[in-house]
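Hi,

Here is the structure I promised to pass on.

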Protein chains: 2
Amino acid sequence: MPADRGQAGPPTISEVAREAGVGRATAARTLGGYGYVSPELRERVLAAAEKLGYRANALARSMSTGVSHTLGVIVADIGNPFFAGVMRGISDTSRARGFDTLVLSTYEDLEEEVAATNVLIDKRVDGVILSSAAVHRKEVAHIKAAIDRGIPVVLVDRAVPSLELDTVVINNRDAARGAVEMLIEAGHRRIGFVWGPPATGVPATRRGLLTEASRNLWTDGERLRGYLDALDDARIPFDPELVMVGRKIEERATEEVARMLALPDRPTALFCTETDAVTGSLRALRAAGLSYPRDIALIGFDDSAWAAVMEPPLTMIEQPVHELGAKAAEVLLDILEGAEPRREMHVLTSRLIVRSSVAPPGR
Amino acid sequence: MPADRGQAGPPTISEVAREAGVGRATAARTLGGYGYVSPELRERVLAAAEKLGYRANALARSMSTGVSHTLGVIVADIGNPFFAGVMRGISDTSRARGFDTLVLSTYEDLEEEVAATNVLIDKRVDGVILSSAAVHRKEVAHIKAAIDRGIPVVLVDRAVPSLELDTVVINNRDAARGAVEMLIEAGHRRIGFVWGPPATGVPATRRGLLTEASRNLWTDGERLRGYLDALDDARIPFDPELVMVGRKIEERATEEVARMLALPDRPTALFCTETDAVTGSLRALRAAGLSYPRDIALIGFDDSAWAAVMEPPLTMIEQPVHELGAKAAEVLLDILEGAEPRREMHVLTSRLIVRSSVAPPGR
């Protein structure tokens with residue numbers, strides 16, 4: 001029970017400082033919960049605050065407004081230019097509507113994602129945009145926890161099938177299918193897929209491969225399905241030897257493409273599902289003394305300034321990265337402003353930028 | 001003055017909820033300051049909290065520990081792979097020492113930087129790592145405000161000359177000088193500088209150029225000085241026509257290199273100080289029908305996977321991006337754990353990765 005100070009109005013920070021016998025700045029830091037204060041001084045300030053019945057302004061302010069006008073963004077990899085573009089879209093839209101954005105990166109680690117979600121709850125963000133590494137039903141407790149605490153969550157780039165949430169994605173399956181169809185139309189039938197699911201050892205069957213994929217990232221599975229769709233339509237038999245497996249890093253893509261190039265019936269085209277898969281593949285081509293598009297055709301995700309200045313320039317899939325972020329922010333801000341969550345897939349369309357990395361096989 | 005509830009111990013959220021006649025979750029959201037609560041219900045909860053003398057746990061926790069174990073990072077452009085690498089370094093080091101990191105991007109806008117600093121103060125981070133767009137004495141009030149509130153600030157990538165703060169940078173001037181020296185040693189005397197200060201119209205004199213540069217980013221000025229150092233040492237006269245000016249965007253680099261290539265005495269080499277300056281320059285070369293290194297030599301900042309797979313691969317300056325971030329986090333965490341700020345420049349060394357984009361002129 002606070003002591004009666006025998007005067008009107010709530011106690012001020014200066015009064016607490018006087019009572020504690022410390023400077024005003026020390027009292028402000030302690031009561032504001034920011035900055036360094038020695039344990040001894042902190043204790044004195046807290047005791048004085050307790051005695052006078054001091055109540056921090058920051059909390060009072062946050063309690064009176066209810067919203068902090070801050071969105072939290074959790075991305076899988078802040079170092080991927082794709083996510084950088086998405087974040088720019090989120091930031092532009094949020095700023096225009098009066099919200100700041102805090103970003104955390106999980107580096108594709110589910111534990112980090114759980115920790116990041118807790119940080120954002122703790123920092124009292126109003127809503128979260130999440131590009132999740134979660135796939136299974138048992139991996140989504142942290143997302144549910146945020147929602148249960150009244151923090152709406154919108155997913156971006158990656159669907160989490162076991163959660164019914166607003167989700168903003170691109171047409172991954174169609175985009176992959178379209179690219180592989182272009183290779184098939186140019187005459188290719190041996191088309192390498194870089195990169196696939198992180199299995200150990202090549203799954204012998206198509207079903208095995210899809211099972212592996214479904215244990216992993218949603219986008220990866222969708223792109224693999226698009227590749228298979230195109231092969232099926234053209235009645236090209238699936239060859240597991242032409243699918244990269246293993247860790248999704250540039251070095252591994254180089255190794256796997258080198259392996260494919262050493263096959264008796266080597267691929268005449270490559271479809272690369274990531275920027276690092278493209279550069280990893282190009283390293284393998286150079287090591288093997290092969291040039292594109294003469295010796296091998298190539299199409300990749302995601303378009304960049306570099307892809308355009310390569311010699312010859314690369315045919316690439318361009319994702320609407322800014323739009324992905326802007327749409328996710330829009331959906332989330334609408335919910336914060338009272339709209340009912342629609343709990344649906346918002347599918348944006350990618351674009352195949354045709355340049356000069358595809359030619360017929362065996363020229 | 002809180003009402004006496006006639007019982008021991010502080011009131012709980014459930015008691016506040018009961019008093020307000022709302023669900024526990026609604027009371028928790030209101031009192032925790034997160035999530036949406038309708039204005040009417042919020043008012044009832046706050047009145048009940050006031051009546052019972054409820055004090056939020058989050059604040060109590062933050063007040064008792066003093067630190068939130070969160071670092072704030074403000075970068076100029078989250079979309080620049082350079083900053084992505086720096087952030088990874090910050091994040092790895094912080095996590096290893098038990099701190100989470102919140103990132104905000106200012107997109108090179110000083111007003112955004114001020115807003116971002118206020119957000120981080122508001123979110124009670126323990127310290128801030130800042131890559132500032134500030135140059136002038138009058139632009140640093142927000143940084144001083146954070147420090148005055150007990151939040152230590154460490155600068156990364158860019159020094160702010162008017163502030164005495166721990167600052168982690170690379171040897172920009174020496175790195176630029178070394179690259180230009182390599183071009184001079186290969187026989188070049190007409191060396192274009194892409195990009196320079198954002199002046200309108202080419203400053204006629206060397207002094208004018210340096211004045212423009214000092215009004216702008218510290219890194220840009222340092223790299224320009226390194227370029228001039230190398231010219232001076234080789235007694236090559238400075239030609240303002242060979243320095244790009246204007247907005248620092250890829251399109252502008254393309255325009256400016258095109259302008260230089262149209263000069264009667266065109267450059268035989270280019271030194272590019274940014275990734276976008278490299279790709280912008282390459283676009284101009286292609287448009288002019290010129291190939292490197294045969295028609296023109298080229299060295300650029302910053303090395304990337306793409307630069308290595310170009311044909312021929314590019315000679316590039318590699319910045320120790322991860323180390324930059326790691327060092328900045330280390331210095332900041334040391335301060336948070338009681339070390340005296342050393343207020344010094346921590347200078348890390350870049351590396352010139354020699355590949356195949358430099359040949360003698362006029363081959």
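In helix 8 of chain B, the residues Asn172(B), Arg173(B), Asp174(B), Ala175(B), Ala176(B), Arg177(B), Val180(B), Glu181(B) and Ile184(B) meet Thr219(B), Glu222(B), Arg223(B), Arg225(B), Gly226(B), Tyr227(B), Asp229(B) and Ala230(B) in helix 10 of chain B. Contact here means C-beta atoms, placed from the backbone, within 7 Å. By class, that contact of helix 8 with helix 10 in chain B divides into six nonpolar, three polar and eight charged residues. For the classes, Ala, Val, Leu, Ile, Met, Phe, Trp, Tyr, Cys and Pro count as nonpolar, Asp, Glu, Lys and Arg as charged, and the others, Gly among them, as polar.

Before I go on: this is a predicted model, where local features need pLDDT of at least 70 and side-chain atom pairs count only at pLDDT 80 or more, while totals for chains, interfaces and linings use all residues. Residues are numbered from 1 along each chain as its sequence is written, with chains lettered from A and ligands numbered from 1 in the order in which they are written.

Back to that pair: the axes of helix 8 (residues 172-185) and helix 10 (residues 218-233) of chain B come within 7 Å and cross at roughly 35 degrees. Axes are lines fitted to C-alpha atoms, for helices over the stretch in contact, with angles from 0 to 180 degrees between N-to-C directions. Helices (H or I, at least four residues) and strands (E, at least two) are DSSP runs, numbered from the N terminus.

In chain A, helix 8 (residues 172-185) and helix 10 (residues 218-233) pack at about 35 degrees with axes 7 Å apart, and the crossing is right-handed.

Leu231(A) lies in helix 10 of chain A. This residue is buried, with 22 other C-beta atoms within 10 Å (buried takes 20 or more, exposed 12 or fewer, and partly exposed is in between; C-beta atoms are placed from the backbone). Beyond neighbours within four places in sequence, Leu231(A) is in contact with Ile236(A) and Phe238(A). Val245(A) is 14 residues from Leu231(A) in sequence and 19 Å away in space, C-alpha to C-alpha.

Another pair to look at is helix 11 (residues 250-261) and helix 12 (residues 275-287) of chain A, with an angle of about 45 degrees and axes 7 Å apart. That makes helix 11 of chain A oblique to helix 12 of chain A (under 35 degrees is roughly parallel, over 145 roughly antiparallel, 65 to 115 roughly perpendicular, and the rest oblique). Their crossing is right-handed, and the contact of helix 11 with helix 12 in chain A has seven nonpolar, four polar and four charged residues.

Now the core. Which residues touch the most other members of the largest nonpolar core? Ile129(A) and Ile129(B) do, out of 194 residues. A nonpolar core is a set of buried Ala, Val, Leu, Ile, Met, Phe, Trp, Tyr and Cys residues joined through C-beta atoms within 7 Å. A second, separate core of 13 residues includes Ile13(A), Ala27(A), Leu52(A) and Tyr54(A).

Ile129(B) sits in strand 3 (residues 127-130) of chain B and is buried, with 29 other C-beta atoms within 10 Å. Not counting residues up to four places away in sequence, Ile129(B) touches several residues, including Leu71(B), Val73(B) and Ile90(B).

Cheers

How values were computed
Left-handed = near helix turned anticlockwise from the far one by under 90°. Contact = placed C-beta atoms within 7 Å.
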